[in-house]
Amino acid sequence: MSSENTLFPLPDTLLRPMVEQALNEDLGMRGDITSNAIITSDKTAKFSLVSREDGVIAGMDLARLAFTIKDPLVNFQAEIHDGQTVSAGQTLATVEGNARALLAAERTALNYLTHLSGIATATARAVAEVAEVAEYGTDIVCSRKTIPLLRVLQKYAVRAGGGKNHRMGLYDAVLIKDNHLAYCDDIAQAVRQAKQAVGPSTCVEIEVDTLAQLDEAIAAGAERILLDNMDDETLKEAANRCHTQTAHPHTIYCEASGGIGFDRLKRVAQTGVDGIALGYLTHSSRSLDIGLDFVA
């Protein structure tokens, strides 16, 4: 259900339609009426994409596409790649070409780059926090709490920051929650029905709120267990049960969830859980400040 840490770039065939739609939203039927009124069509310019603060970058291919879709002759030279850490004042890329085209694409490029880099930066910060408790090897995992139609990009940004993805959608893994259990007699029935429906190649996870529910889930054969809104002591006991009360220790992956703030990450990692699910990585991360500076 989660990916490895290797960051594979998203293909242009996936990204291009998104960028084209974003450009169309900004330019509408009339285009950039400001630049068209002030700058002659033959003018060229050179700009630098510069980070205003320290962070981790994600979205460089989207920025490149924003400029080159407006003018295929634009020269985009990246100096930084997604997943790399940058310092305030560092140049990410230079872009040179038709001035109107560059200014028409500027905001779309920066919107993608600042938003996704913000997610990557927040993720990297969380990953570094739990890495201080290295013996536990706790994963930082994102959720489905994403902006509609941006999920693939936001989850990519989490990976750029060193985090891992939970399921991409409702289609690629089972997660049985309390609203599902309302339609079943018990946890065992829910897990059994799910396994029968999806087969052995699809992961079956279940959310539990108590240690009693946890014991039922372990006995039912759940492969992953989401430990929701538990305090640290309960999480420690739950992780211990997941890792010892099975025929093959450590086969049950357990992750903590439920409003776990940054100041609690290290304590939760020390409980021995395998992962910590953080919805705010994708729905609330602050954008990284990145600007487009004119090169004289």
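**Figure 1. Glu 237 and Arg 241 in helix H9.** Glu 237 and Arg 241 are 4 residues apart in helix H9 and are therefore separated by about one helical turn. Helices (H or I, at least four residues) and strands (E, at least two) are DSSP runs, numbered from the N terminus. The two residues form a salt bridge, with the closest N and O atoms 2.7 Å apart. A salt bridge here is a side-chain nitrogen of Lys or Arg within 4 Å of a carboxyl oxygen of Asp or Glu. Glu 237 is partly exposed at a relative accessible area of 29%, whereas Arg 241 is buried at 15%. Buried means under 20% relative accessible area, exposed over 50%, and partly exposed in between (1.4 Å probe, protein chains only). The model is predicted: local features need pLDDT of at least 70 and side-chain atom pairs count only at pLDDT 80 or more, while totals for chains, interfaces and linings use all residues. Residues are numbered from 1 along each chain as its sequence is written, and side-chain values use heavy atoms, with hydrogens and water left out.

Figure 2. Asp 215 is partly exposed, with a relative accessible area of 31%.

Figure 3. The side chains of Glu 223 and Lys 195 meet in a salt bridge of 3.2 Å, N to O. Glu 223 is in the loop between helix H8 (211–220) and strand S9 (224–228), and Lys 195 is in helix H7 (residues 187–198); the pair is 28 residues apart and links distant parts of the chain. Glu 223 is partly exposed at 28% relative accessible area, and Lys 195 is partly exposed at 30%. Elsewhere, Asp 12, Asp 61 and Arg 64 are linked in a network of salt bridges. The count of salt bridges comes to 15.

**Figure 4. Packing of helices H1 and H4.** Helix H1 (residues 12–27) and H4 pack at an angle of about 125°, with their axes 10 Å apart. Axes are lines fitted to C-alpha atoms, for helices over the stretch in contact, and angles run from 0 to 180 degrees between N-to-C directions. H1 and H4 are therefore oblique to each other; angles under 35 degrees count as roughly parallel, over 145 as roughly antiparallel, 65 to 115 as roughly perpendicular and the rest as oblique. On the H1 side, the contact is made by Met 18, Val 19, Ala 22, Leu 23, Asp 26 and Leu 27. On the H4 side, it is made by Ala 104, Ala 105, Arg 107, Thr 108 and Tyr 112. Contact means heavy atoms within 4.5 Å.

**Figure 5. The largest nonpolar core and Leu 227.** The largest nonpolar core has 81 residues, and those with the most contacts inside it are Leu 49, Phe 67, Ile 206, Ile 225, Leu 227 and Ile 276. Helix H4 (residues 99–131) gives the most to this core, with 12 residues. Such a core is a set of buried Ala, Val, Leu, Ile, Met, Phe, Trp, Tyr and Cys residues joined through side-chain atoms within 4.5 Å. Not counting residues up to four places away in sequence, Leu 227 touches Val 208, Leu 214, Leu 235, Ala 238, Cys 254, Glu 255, Ala 256, Ser 257 and Val 273.

**Figure 6. Tyr 253 in strand S10.** Tyr 253 belongs to strand S10 (residues 253–257) and is buried, with a relative accessible area of 16%. Neighbours within four places in sequence aside, Tyr 253 is in contact with Asp 139, Val 141, Glu 223, Arg 224, Ile 225, Asp 274 and Gly 275.

Figure 7. Most residues other than glycine have a negative phi. Leu 149, not a glycine, has a positive phi of about 75°. Leu 149 lies in the loop between strand S6 (139–141) and helix H5 (151–160) and is exposed at 77% relative accessibility. Asn 229 has a positive phi near 55°. Asn 229 is in the loop between S9 and H9 and is exposed, with a relative accessible area of 56%.
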